[in-house]
Amino acid sequence: MKALVLYIIFVTTGAFIAGAIGYYTEIEVSATASLIVFLTLFFANFAVSWIAVIYIMDGSFKDAQGRQAQLDIERAARS
């Protein structure tokens with residue numbers, strides 16, 4: 001549950017930042033460039049937010065995909 005809440009917070013914050021940067025780009029450059037910048041930042045935000053949540057929850061990336069945890073569960077079930 002904590003991971004989901006963190007993810008929602010990171011995605012929401014990232015969306016606001018992407019919108020602000022997109023708006024600034026629209027003022028300084030053009031609407032077309034603004035759309036490209038916004039969409040790139042918006043969709044990259046999902047991956048970056050997930051990586052940040054994994055790092056915060058585990059403290060490292062050594063078991064990011066959960067393979068070791070799965071092996072531990074299977075080993076405990078066999079015993």
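## A tour by selection

Phe38, Phe42, Phe43 and Phe46 form one aromatic cluster. Start there. The model is predicted: local features need pLDDT of at least 70, side-chain atom pairs count only at pLDDT 80 or more, and totals for chains, interfaces and linings use all residues. Residues are numbered from 1 along each chain as its sequence is written, and side-chain values use heavy atoms, with hydrogens and water left out.

**Stop 1: the phenylalanines**

A pair of aromatic rings is described by the distance of the centres and the angle of the planes. Rings of Phe, Tyr and Trp (its six-membered ring) pair if their centres lie within 6.5 Å; planes under 30 degrees apart count as stacked, over 60 as edge-to-face and the rest as tilted. How many aromatic pairs does this rule give? The count is five. One of them joins Phe42 and Phe43, edge-to-face, at 5.3 Å centre to centre with 75 degrees between the planes.

Turn on the cartoon. Helices (H or I, at least four residues) and strands (E, at least two) are DSSP runs, numbered from the N terminus. Phe42 and Phe46 are separated by about one helical turn because they sit four residues apart in helix H2 (residues 31–58).

Next, colour by accessibility. Areas come from the Shrake-Rupley method with a 1.4 Å probe, and for residues only the protein chains shown count as cover. Buried means under 20% relative accessible area, exposed over 50%, and partly exposed in between (1.4 Å probe, protein chains only). Phe42 is partly exposed at 22%. Phe46 is partly exposed at 29%. Phe43 is exposed, with a relative accessible area of 53%.

**Stop 2**

Select Ser34, in helix H2. Is Ser34 buried or exposed? Ser34 is buried, with a relative accessible area of 7%. Look for polar contacts: pairs of N or O atoms within 3.5 Å where, within protein, one must be able to donate a hydrogen and the other to accept it, and residues adjacent in sequence count only if both atoms are side-chain atoms. The Ser34 side chain reaches the backbone oxygen of Gly22 at 2.6 Å. Leaving aside neighbours within four places in sequence, Ser34 is in contact with Gly22, Tyr23, Thr25 and Glu26.

Move along H2 to Ser49. Ser49 is buried, at 4% relative accessible area. Which backbone oxygen does the Ser49 side chain reach? The oxygen belongs to Asn45, at 2.8 Å. Beyond its neighbours within four places in sequence, Ser49 is in contact with Tyr7, Phe10 and Val11.

**Stop 3: Ile36**

Ile36 also lies in helix H2. At 54% relative accessibility, Ile36 counts as exposed. Draw a C-alpha to C-alpha distance to Thr25. Ile36 and Thr25 are eleven residues apart in sequence and 9.8 Å apart in space.

**Stop 4: charges on H3**

Jump to helix H3 (residues 67–78). A salt bridge is a side-chain nitrogen of Lys or Arg within 4 Å of a carboxyl oxygen of Asp or Glu. By this rule there are two salt bridges.

Select Arg75 and Asp72. Their closest N and O atoms are 3.1 Å apart. The two residues are separated by about one helical turn, because they lie three residues apart in H3. Arg75 is partly exposed at 45%. Asp72 is partly exposed at 38%.

Now pick Glu74 and Arg78. This salt bridge has its closest N and O atoms 3.9 Å apart. Both residues lie in H3, four residues apart, about one turn of the helix. Glu74 is partly exposed at 33%, whereas Arg78 is exposed at 69%.

**Stop 5**

Finish with a surface view. Patches are made of residues with over 30% relative accessible area and no salt bridge; like charges are joined within 9 Å, nonpolar side chains (Val, Leu, Ile, Met, Phe, Trp, Tyr) within 5 Å. Which residues make the nonpolar patch of about 530 Å²? Select Met1, Leu4, Val5, Ile8 and Ile9. Met1 is found in the segment before helix H1 (2–28). At 78% relative accessibility, Met1 counts as exposed.

Technical notes:
Contact means heavy atoms within 4.5 Å.
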